[in-house]
Amino acid sequence: MQDYREAARLDALHQLKLLDTPPSEHFDRITRMAAQIFGLPIAAVSLTDRDRQWFKSRVGVEHCSIPRDKAPCAEVAETRDLVVIEDFATHACYADSLLAEHGTRFYAGAPLVTREGYGLGALCVLGVEPRIAKPEELAALTDLAAMVMEQIELQHSFGRIDPISGLPTRAQFCEDLSDLALDCPGQARIAVVADLARDDQIAKIVGAMGAARLDEMVREAAHAIQNVLGPNRTAYHVGTTQFAFLSPPDMEVQAYITVLERGFEVIRATSSVRFVTSVAIGVRPFRLGEVTPEDVLRGAASAAQDARRIDGAIALYSEARDHAMRRHYDLLQDFGAALEAEDQLRLVFQPRVDLATGRCLSAETLLRWRHPTLGEVSPGEFIPIIEQTALARPTTQWVLEHALDQLAAWQAAGLDLTLSVNISAANLMEADLIQRIQLALIARQLRPSQLEVELTESAMMAQPEKALAMLRELAEAGIALAIDDFGTGHSSLAYLQQVPAHVVKIDQAFVRGLSSASGADFVLVETMVGLLHKLGRRIVAEGVETAEAAAILAGMGCEEAQGYWFARPLEVPAFAEWIASRTALAA
Ligand code: C2E
Ligand code: MG
Ligand code: MG
């Protein structure tokens, strides 16, 4: 029993992570006051470790620690009581102690006791003359010891208790889960993350009512969740508006979801916490010790995001969706480095062929990314991820600079071409886009007409008015525009008529199925071609994979085609070879 208590006491001490930390003025101030009150040269905050007294704070002591054996501070820690030794020389127990040997004659120590009742050590004063301790001196020493404990607890709770909700934090969740995994490895548990509000709702609350109101709502919600959980289970505050908790052991998942639904019904019904009406809940079953605490939390949070996306209240963790989401974040995270690295990004070029003459007058620039560990990642995957972020600008700039470098090199080699580059909707919001394009052209002595900018119909329609204004400026600067993926973006005829695009690229979805002069795709493409010609546009068909499709498109009067039938997107040397063989063929 004795051993067990000492083990628990040591555990409590070690968990505070105070031992062997640097000195701190917060403690030294108190230690100096203790020395002053007693008018003595030596004072210390002394913690009782397994076999040493370690000094968190010391006045007049050179050592950081002394052996625990025959140290009066150890007695203070063990008895959790004041200890006063008026004269070491005549003391039955301490006369032959190390302190006595070094000339100590007087000692007074007040216990440092945690809220749970563990004695950590002592706040002590020492003197080299025998003396008595007056009751008021001991009362002050006891008060100062309480202040030391407050300081210890404050430091310990820092980062562990959220100052707004008063609930333990994410760090504490992870630590508690690790402890639990040691106690009951393999036990089945369910982690729950409740996300109270969407980002835009939070922004609205802060914008309309101020950050203090948001804090208040978070506090109310924390209270409501803890109430529903009851006194024996802990809710953790793991994100601005996110709370997490664990199910009791060995609950069946569906049964627990029913419990959760009922619990959150109660919360919703509480009028003061209307805030949680759009709560999204993620549920992740796992076994203790088999998944890291960080992963448990991340998985449950990712399920909560799923719930938010599908507009449901509760979603169960799915490994496949979690992987997809993780890959999404990994790609986003790594793309910044790819832009800086020399060897991850490169450009390939896909020829565009004039259907009437068979000549290649232009090519589309397409970005390629070889990820250091994931290998080739398709732009169809990474472009939609990064183009919604601040990376859209440097990416387009990278492509533009490298494409124009290549164009200049080809021009110097006697190859006359127009290159098109793809830009993202976000680029249209950059006030200096046109200036940057012009600068890049001038720096390489290229004409604006040698460059074409491709923008998808759907990107254009994301902000039609702004896009139109920007595209007009582009046209005024002499830079040609192509509407990409036409037919998928729902632009109206009225709008299309206003867009200063010389070229329209019919999306491959319509072209791929062109195999005979009949069928729905045939009718659709024929109609598009007729309409676009009436609007005076030049038409490029994308995704031409067969001779048949090429012939049908030529028959319709479509000007240009691009697709695997003519050439796949090509690396620079292969592109040069392709052009050379094509020219030889035509000659
Ligand atoms: P996109 O601009 O419509 O480019 C055409 C895509 O179709 C390319 O895919 C090309 O490889 C593919 N393709 C060409 N011919 C055929 C064919 O005959 N059959 C089939 N099945 N596919 C064909 P890729 O290179 O994977 O690019 C996908 C999309 O990623 C592009 O579609 C474009 O929207 C975007 N993208 C690529 N590079 C860039 C870039 O540098 N910047 C931006 N913003 N987007 C880019
Ligand atoms: Mg394109
Ligand atoms: Mg396209």
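Guide: In this text a residue is buried when its relative accessible area is under 20%. The model shown above is predicted.

Visitor: How many of the eight residues of β5 are buried?
Guide: Strand β5 covers residues 106-113, and the rest of the structure largely encloses this strand.

Visitor: What is the order of the strands in the open sheet of six strands?
Guide: The pairing in this sheet is antiparallel. Its edge strands, each pairing on one side only, are β3 (65-67) and β4 (83-85). From one strand to the next the twist averages 25°. Read across the sheet, the order is β3-β2-β1-β6-β5-β4.

Visitor: Which residue in β2 stands opposite Leu47?
Guide: Strand β1 (residues 42-48) and strand β2 (residues 52-59) are antiparallel partners, with six bridges between them. Opposite Leu47, the residue in β2 is Trp54.

Visitor: How many bridges pair β5 and β6?
Guide: On one side, β5 runs antiparallel to β4 and is joined to it by three bridges, with Val83 opposite Gly109. With β6 the pairing is again in the antiparallel sense, and there Phe106 faces Gly127. The number of bridges between β5 and β6 is eight.

Visitor: Which residue takes a positive phi in the hairpin of β5 and β6?
Guide: Five residues lie between the two strands of this hairpin. The phi in question is near 95°, and the residue that takes it is Gly117.

Visitor: Which strands are the edge strands of the open sheet of five?
Guide: This sheet has mixed pairing and the order β8-β9-β7-β10-β11. Within it, β7 (residues 188-195) pairs with β9 (residues 242-246) in the antiparallel sense over five bridges, and Asp195 stands opposite Gln242. The strands that pair on one side only are β8 (236-239) and β11 (314-316).

Visitor: At about what angle does helix α8 run to β9?
Guide: Helix α6 (residues 170-183) packs on the sheet against β7, β8, β9 and β10, and its direction makes about 120° with that of β8. Helix α8 (residues 211-229) lies across β8 and β9, and its angle to β9 is about 15°.

Visitor: Is α11 roughly parallel or roughly perpendicular to α12?
Guide: Helix α11 (residues 319-340) and helix α12 (residues 379-386) pack with their axes 10 Å apart, at an angle of about 75°. Angles from 65 to 115 degrees count as roughly perpendicular. The description of α11 relative to α12 is therefore roughly perpendicular.

Visitor: How many residues of the contact of α11 with α12 are nonpolar?
Guide: From α11 come Arg327, His328, Leu331, Leu332 and Phe335, which meet Glu381, Phe382, Ile385 and Ile386 in α12. One residue of the contact is polar and two are charged, while the number that are nonpolar is six.

Visitor: Which residues coordinate the magnesium ion (ligand 2)?
Guide: The donors sit at 2.0 to 2.2 Å and follow the spacing E-x57-N-x31-E-x29-D along the chain. Two of them link distant parts of the chain, since Glu364 is in strand β13 (residues 360-371) and Asn422 in strand β15 (residues 418-422), 58 residues apart. Glu364 is buried at 3% relative accessible area, whereas Asn422 is partly exposed at 26%. The coordinating residues are Glu364, Asn422, Glu454 and Asp484.

Visitor: Which residue bridges the magnesium ion (ligand 3) and the magnesium ion (ligand 2)?
Guide: The two ions lie 4.1 Å apart. The residue that coordinates both is Asp484.

Note on methods
Residues are numbered from 1 along each chain as its sequence is written. Chains are lettered from A and ligands numbered from 1 in the order in which they are written. This is a predicted model: local features need pLDDT of at least 70, side-chain atom pairs count only at pLDDT 80 or more; totals for chains, interfaces and linings use all residues. Side-chain values use heavy atoms; hydrogens and water are left out. Axes are lines fitted to C-alpha atoms, for helices over the stretch in contact, and angles run from 0 to 180 degrees between N-to-C directions. Helices (H or I, at least four residues) and strands (E, at least two) are DSSP runs, numbered from the N terminus. Angles under 35 degrees count as roughly parallel, over 145 as roughly antiparallel, 65 to 115 as roughly perpendicular and the rest as oblique. Contact means heavy atoms within 4.5 Å. Ala, Val, Leu, Ile, Met, Phe, Trp, Tyr, Cys and Pro count as nonpolar, Asp, Glu, Lys and Arg as charged, and the others, Gly among them, as polar. Donors are N, O and S atoms within 2.8 Å of the metal (3.2 Å for Na, K and Ca); water is not among the atoms, so sites may look incomplete. Buried means under 20% relative accessible area, exposed over 50%, partly exposed in between (1.4 Å probe, protein chains only). Two strands pair if DSSP finds at least two bridges between them.
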